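Please look at the sequence and the structure below before reading on. The briefing then takes a few places in turn and describes each of them in words.

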Amino acid sequence: MPALVLLGAQWGDEGKGKATDLLGGSVDYVVRYQGGNNAGHTVVVGDQKYALHLLPSGILSPGCTPVIGNGVVVDPSVLLSELSGLNERGVDTSKLLISGNAHIITPYNVTVDKVTERFLGKRKIGTTGRGIGPTYADKINRVGIRVQDLYDESILTQKVEAALDVKNQMLTKLFNRRAIGVEQVVEELLGYADKLAPYVSDTVLVLNQALEQDKVVLFEGGQGTLLDIDHGTYPFVTSSNPTAGGACTGSGVGPTKISRVIGILKAYTTRVGAGPFPTELFDEDGEALRRIGGERGVTTGRDRRCGWFDAVIARYATRVNGLTDFFLTKLDVLTGWEQIPVCVAYEIDGKRVEELPYSQTDFHHAKPVYEMLPGWSEDISRAKSFSDLPKNAQAYVKALEEMSGAPISAIGVGPGRTETIEINSFL
Ligand code: GDP
Ligand code: IMO
Ligand code: MG
């Protein structure tokens with residue numbers, strides 16, 4: 001079982017941080033392969049709560065080497081402040097490895113993200129404003145700045161010049177903003193070089209050598225399947241591939257090395273930012289899910305939109321990721337409802353549709369077809385095994401498993417590491 005992938009099966013915030021942390025003690029490497037500090041992963045260890053944005057959640061497990069892969073976009077100032085925040089709390093971060101090929105989120109990428117959103121007005125995506133999209137756009141346009149460029153001032157200057165040539169035209173002529181000076185950007189970026197140097201390495205080589213030595217590597221996705229640039233609800237998506245294939249391109253590890261793909265699945269659904277969401281609730285049930293589930297963004301502090309579980313989406317996640325297992329989280333949040341609606345299919349323009357439509361128009365018209373499942377009122381937060389769960393909670397899990405197309409191998413009944421029911425071992 002050398003390499004496994006753990007990723008979000010919905011629109012993010014499924015509990016990936018908790019799940020990664022749970023496995024962190026038993027794996028040798030935890031690798032972020034895409035995204036950047038748009039992610040907000042919460043890990044609760046005992047009475048300590050950590051919010052991680054860029055660092056892999058394995059950083060909290062002493063034996064584990066955390067890796068930021070080539071597919072990640074790195075804001076150096078955020079990274080350094082996240083590292084020092086953890087150091088102040090006694091967490092050793094010295095093992096961190098950062099790919100020299102990872103792209104850097106520059107200050108102008110953050111500016112472009114914000115002004116673009118403002119310019120889009122009511123058509124905005126609702127990004128996290130962290131410069132993620134513009135940095136990936138620069139990468140694809142071949143005017144990106146990579147971590148390794150910090151160590152060659154001449155190349156760095158030429159690249160910043162090339163990137164700013166067009167951007168300054170856009171900023172001044174279209175967005176009515178001041179031009180950004182090349183020197184000022186280069187100086188800021190060079191200021192990070194020495195601080196990052198101890199971590200920068202050839203992570204592709206390191207990870208492949210580790211796998212040859214039968215070390216266990218866990219890939220931790222950011223965001224979620226429906227936020228994937230190719231397979232998500234485009235254009236209301238992030239600008240990278242959180243789906244399983246992204247683990248390979250974002251790390252330089254081949255698909256033949258990956259033996260397990262675990263989808264983290266919330267027992268209901270949430271979404272942050274704009275875009276379609278068929279099971280979204282605008283009533284007191286949605287408010288109750290938000291309140292009981294603590295559904296507020298870790299990165300931006302925005303309230304998350306909440307809705308019932310959507311099995312069409314779960315089936316889709318199984319398909320596009322080749323999921324071998326699910327980790328069902330936040331089952332405890334559903335305690336207290338007499339009946340729990342679960343979306344089993346959509347009605348689109350009067351027709352019942354079982355699978356996620358590829359057409360954006362159809363998806364915007366999708367109305368949920370609900371099946372009602374009986375709820376439970378007993379506190380489940382101390383359940384240690386599946387049989388500890390009330391019969392109706394067991395039946396809810398079994399029904400979701402049946403509809404979603406992969407076995408549910410673990411269940412979260414609370415935010416803490418130990419508040420987990422393990423059904424099948426992941427390792
Ligand atoms: P991520 O982005 O996928 O890592 O998820 P977030 O950390 O943004 O959001 C998940 C939230 O749910 C965090 O506050 C977690 O501490 C919390 N959480 C994770 N699993 C469970 C669970 O099984 N039950 C409860 N009640 N909370 C959970
Ligand atoms: P984690 O890893 C939830 C959403 C934003 C926006 C869209 C594009 O914590 O699950 P971006 O800044 O990436 O260009 O914004 O994607 N988004 C997330 N939603 N959880 C996340 O990360 C997200 N990262 C980005 O809200 O709708
Ligand atoms: Mg999150």
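Predicted model: local features only at pLDDT ≥ 70, side-chain atom pairs only at ≥ 80, totals over all residues.

**Strand β19 and its partners**
- Strand β19 spans residues 408-412 and is mostly covered, since 5 of its 5 residues are buried.
- Along one pairing, β19 and strand β15, which holds residues 325-329, are parallel and share 3 bridges, with Phe 326 standing opposite Ile 408 of β19.
- Along another pairing, β19 and strand β20, made of residues 420-422, run antiparallel and are joined by 3 bridges, and here Ile 411 has Ile 421 in β20 as its bridge partner.

**Leu 400 in helix α12**
- Leu 400 belongs to helix α12, which covers residues 391-404, and this leucine counts as buried because its relative accessibility is 0%, where the cut-off for buried is under 20%.
- Apart from its neighbours within four places in sequence, Leu 400 is in contact with Phe 309, Leu 328, Val 342 and Ile 408.
- Leu 400 and Arg 315 are 85 residues apart in sequence, while their C-alpha atoms are 10.0 Å apart in space.

- Asp 13 sits in the loop between β1 (3-8) and α1 (16-24), and Gly 40 in the loop between β2 (29-32) and β3 (41-45), so the pair ties together parts that are 27 residues apart in sequence.
- Gly 40 is buried, with a relative accessible area of 13%.

How values were computed. Residues numbered from 1 in each chain as written. Chains lettered and ligands numbered in written order. Heavy atoms only, no water. Buried < 20%, exposed > 50% of the residue type's maximum accessible area, 1.4 Å probe, protein only. Helix = DSSP H or I, 4+ residues; strand = E, 2+ residues; numbered from the N terminus. Pairing = 2+ DSSP bridges. Contact = heavy atoms within 4.5 Å.
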